[in-house]
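Please look at the sequence and the structure shown below.

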Amino acid sequence: MLNIILFGPPGSGKGTQALKLKLKYALIHISTGDIFRSEINSQSSLGEELKSYMDHGQLVPDELTFRVLKSYLGENDLEKSQGIIFDGFPRTIPQAEALDTFLAERKEPIQVVLSLLVNEDEVVKRIVLRGKSSGRSDDNDETIVRKRMQVYRDQTFPLAAYYTAQNKYVELNGEGSIEEVFTSLCNHINRTVALSEGADVI
Ligand code: AMP
């Protein structure tokens, strides 16, 4: 099993790269943002609640995030994949701790956290551009986008230290072309796989 977290600020290209990695390595892609948006599209009252946080650039509270994710996992068979690529989750320390507990029970821990480094003005530019075609209400307003960046710095970036302490955190340049970033991600993943296979041999 190959369990990976793609880490980085909003607009750093996690979603685009996750889709490519999913195909190349036969992974299940778990994006809490996508799961929340599909709940919003179903026009449920839960969706309304999720939207109220997302439209303000705030994180969905952990308890609510866990509830939605658990129900998603219940409906999707993780056993059939070669592993999981997490995109946009975890976003807080309690989420990372809950994920570690969940994966420890399955004896399939996160192997590597790949962090895409992109300068803040560049990501704001990318998101506002994406907002013109994505129809995402949280992409359209620069004030909300800046708020999301601040939430990332305050609540999500501390995960870099959390995973560094586990020796799993790797930073790479997220500012190249899609193909350049993809190649760099694949190189890191291949190295992680080779190391884990080497460790098995020993
Ligand atoms: P994303 O599609 O990953 O950019 O997420 C869009 C929005 O969904 C975020 O700004 C948050 O409001 C919410 N969201 C997505 N994933 C999480 C998460 N793991 N924890 C809390 N809120 C989340």
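**The sheet and its surroundings**

Ile4 stands opposite Val112 in strand 4. This is a predicted model, in which local features need pLDDT of at least 70 and side-chain atom pairs count only at pLDDT 80 or more, while totals for chains, interfaces and linings use all residues. Residues are numbered from 1 along each chain as its sequence is written, and side-chain values use heavy atoms, with hydrogens and water left out.

Helices (H or I, at least four residues) and strands (E, at least two) are DSSP runs, numbered from the N terminus. Strand 1 and strand 4 (residues 112-117) run parallel and are joined by 4 bridges. Two strands pair if DSSP finds at least two bridges between them. Strands of a sheet pair through backbone hydrogen bonds, either parallel or antiparallel. Here an open sheet of 5 strands, with parallel pairing, has the order 2-3-1-4-5. Its edge strands are strand 2 (28-31) and strand 5 (169-173), each of which pairs on one side only. From one strand to the next, the twist averages 20°; for such angles, axes are lines fitted to C-alpha atoms, for helices over the stretch in contact, and angles run from 0 to 180 degrees between N-to-C directions.

The next topic is the aromatic rings. Rings of Phe, Tyr and Trp (its six-membered ring) pair if their centres lie within 6.5 Å; planes under 30 degrees apart count as stacked, over 60 as edge-to-face and the rest as tilted. The structure holds 5 aromatic pairs. One of them is formed by Phe7 and Tyr152, whose ring centres are 5.9 Å apart and whose planes meet at 45°, so this pair is tilted. The pair links distant parts of the chain, since Phe7 is in strand 1 (residues 4-7) and Tyr152 is in helix 7, 145 residues apart. Are these two residues buried or exposed? Buried means under 20% relative accessible area, exposed over 50%, and partly exposed in between (1.4 Å probe, protein chains only). Phe7 is buried because its relative accessible area is 3%, and Tyr152 is buried because its value is 10%. Another aromatic pair, Tyr162 and Tyr163, is edge-to-face, with 4.9 Å from centre to centre and 85° between the planes. Tyr162 has a relative accessible area of 18% and is therefore buried; Tyr163, at 1%, is buried as well. Ring pairs also link Phe7, Tyr152, Phe157 and Tyr169 into a cluster.

A ring can also have a charge over its face. A charge sits over a ring if NZ of Lys or CZ of Arg is within 6 Å of the ring centre and within 35 degrees of the ring normal. Lys20 lies over the face of Phe182, at 4.6 Å from the ring centre.

Charged side chains can meet one another too. A salt bridge is a side-chain nitrogen of Lys or Arg within 4 Å of a carboxyl oxygen of Asp or Glu. How many salt bridges does a search of the whole structure find? The search finds 16. Among them is the contact between Asp139 and Arg130, at 2.8 Å from N to O. Asp139 counts as buried because its relative accessibility is 0%, whereas Arg130, at 32%, counts as partly exposed. Asp138 forms a salt bridge with Arg148, the closest N and O atoms being 3.7 Å apart. This pair links distant parts of the chain: Asp138 is in the loop between helix 6 (120-134) and helix 7 (142-156), and Arg148 is in helix 7, 10 residues apart. Both Asp138 and Arg148 are buried.

Helix 7 also holds Glu142 and Arg146, which are separated by about one helical turn because they are 4 residues apart. Salt bridges that share partners join Glu120, Asp121, Glu142, Arg146 and Arg153 into one network. Within the salt bridge of Glu142 and Arg146, the closest N and O atoms are 3.2 Å apart.

Finally, some details concern the backbone. Most residues other than glycine have a negative phi, and most peptide bonds are trans. The peptide bond from Phe89 to Pro90, however, is cis, with omega near 0°. Pro90 is placed in the loop between strand 3 (84-87) and helix 5 (93-105). Lys107 is not a glycine, yet has a positive phi of about 55°; its place is in the loop between helix 5 and strand 4. Lys107 counts as exposed because its relative accessibility is 71%.
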